[in-house]
Amino acid sequence: MKYILVTGGVISGIGKGIIASSVGTILKSCGLHVTAIKIDPYINIDAGTFSPYEHGEVFVLDDGGEVDLDLGNYERFLDICLIKDNNLTTGKIYQSVINKERRGDYLGKTVQVVPHITDAIQDWVMKQAKISVDDDGVEPQVCVIELGGTVGDIESMPFIEAFRQFQFKVKRENFCNIHVSLIPQPNTTGEHKTKPTQNSVRELRGLGLSPDLIMCRCSAALDASVKEKISMFCHVEPTQVICVQDVSSVYKVPLLLEAQGVVDYLCQRLNLPVEMRARKMLTKWKEMADRSDRLLEQVSIALVGKYTKLSDSYTSVIKALEHSALAINHKLEVKYIDSADLESTTLQDEPVKYHEAWQKLCSSHGVLVPGGFGVRGTEGKIMAISWARKQNKPFLGVCLGMQLAVCEFARNVLEWKGNCAFPTELLFIFRSHALIALR
């Protein structure tokens, strides 16, 4: 088993999940079986109780596990099926260790972070890495592990220490570290600043991990002189400094890494059994990425939700829309509308916001109302649903969105009054009307 650890520096939310997915994608294009593990240092057992504003969307796996949204990226990029144990949290580790202590598995020893917590982390990773994630049931050959947060966070320390030990347990030829760091470009000077990355790598090395590849997140491509500077101060070759600049689509990132020799380096560093030949999977990937840049026709979808201030709250819905638009050769424009802005109270308090929200809705080709929790904003969603029905606009309700569509139909078509239980027959009535509208 080969292990690739992806760590992050300077800031969180830098794109480690996309880079980890992209590394897995280019390795899978070589014919390797790849699995993925996401480590989140928070004490929560899983992501199920999070507000969408905390960590974005809660992604639900096939086994019902409620996990970090990055596992959705892994499944989309790698075409694999993960389970809840592929998302490891501090809470899960401590829970398992405490359960062992209560059973007496440690034979009365003092239970400590080192070695008991760090050993539990290593055992979990090694056990989970062997579980097949492909339809063919073959054991994976490469495990990509993403460590959430940034190097230096107090929450991440047990995991950093665990992997410091882990690199010696599995041997150097089976373990490598990719460090993702920010290269800012202040508007005042316009030049790329490498000091944050130097400090981040210095701290990582001080904790016992030395990066094999430094992936630099930046707004524009780095000059050779910047790469050489990072190489000099971070103890790596210039070829080990990879530029990951902003691109028009996240699906171009695997191609970006491939073009800079990441596969060649990993094959050499980890002695991977790969034949250097034309790879059909990557060819198809390139065709898809190129096609996304050539789209001329545009379709705009109004997403009427309660957590629209953070687009990550609806990642899976957005990705589904993107894939659908690409399949019919249309460029997607998502118009985020806070459902509360459509309500009459907003008209009284903030009329400008109210009219802007309705203008967005009325100028859209279709309406999507996603899931949500609580009463706030539900009337605004019902208004958007009612508008879509009356204007004969394509509509999709997901979870709470579908429930509110039933409520709107009962109120305004069946003219039911008051609060009452809806019989199952109503769902079939609504479904038949919805299908007719979509046709």
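The points that follow concern a predicted model and take up its annotated domain, strand pairing and salt bridges.

1. The UniProt record, an unreviewed entry, lists residues 2–272 as "domain: CTP synthase N-terminal". Over residues 2–272 the chain is 40% helix and 17% strand, and the end C-alpha atoms lie 8 Å apart.

2. Strand β7 (residues 175–182) is mostly covered, with 7 of its 8 residues buried. Strand β1 (residues 2–8) runs parallel to β7 and is joined to it by 6 bridges; I4 has C176 in β7 as its bridge partner. Strand β8 (residues 213–218) is also parallel to β7, through 5 bridges, and V180 stands opposite M215 in β8. With helix α7 (residues 195–206), β7 and β8 make a right-handed β-α-β unit.

3. The salt bridges come to 17. One of them joins the side chains of K28 and D134, at 3.3 Å from N to O. Because K28 lies in helix α1 (residues 16–28) and D134 in the loop between α5 and β6, the pair ties together parts that are 106 residues apart in sequence. Both K28 and D134 are buried.

4. K38 and D68 meet in a salt bridge at 3.0 Å, N to O. This pair links K38 in strand β2 to D68 in the loop between β4 and α3, 30 residues apart. K38 is buried at a relative accessible area of 3%, and D68 is buried at 6%. A network of salt bridges links K38, D40, D68, D70 and E146.

5. R217 forms a salt bridge with D246, the closest N and O atoms being 3.1 Å apart. R217 lies in β8, and D246 in the loop between β9 and α9. D246 is partly exposed, with a relative accessible area of 45%.

Note on methods. Residues are numbered from 1 along each chain as its sequence is written. This is a predicted model: local features need pLDDT of at least 70, side-chain atom pairs count only at pLDDT 80 or more; totals for chains, interfaces and linings use all residues. Side-chain values use heavy atoms; hydrogens and water are left out. UniProt positions are given in the numbering used here, feature names are shortened, and annotations may be inferred rather than shown by experiment. Helices (H or I, at least four residues) and strands (E, at least two) are DSSP runs, numbered from the N terminus. Buried means under 20% relative accessible area, exposed over 50%, partly exposed in between (1.4 Å probe, protein chains only). Two strands pair if DSSP finds at least two bridges between them. A crossover is right-handed if, with the strands pointing away from the viewer, the path from the first strand over the helix to the second runs clockwise. A salt bridge is a side-chain nitrogen of Lys or Arg within 4 Å of a carboxyl oxygen of Asp or Glu.
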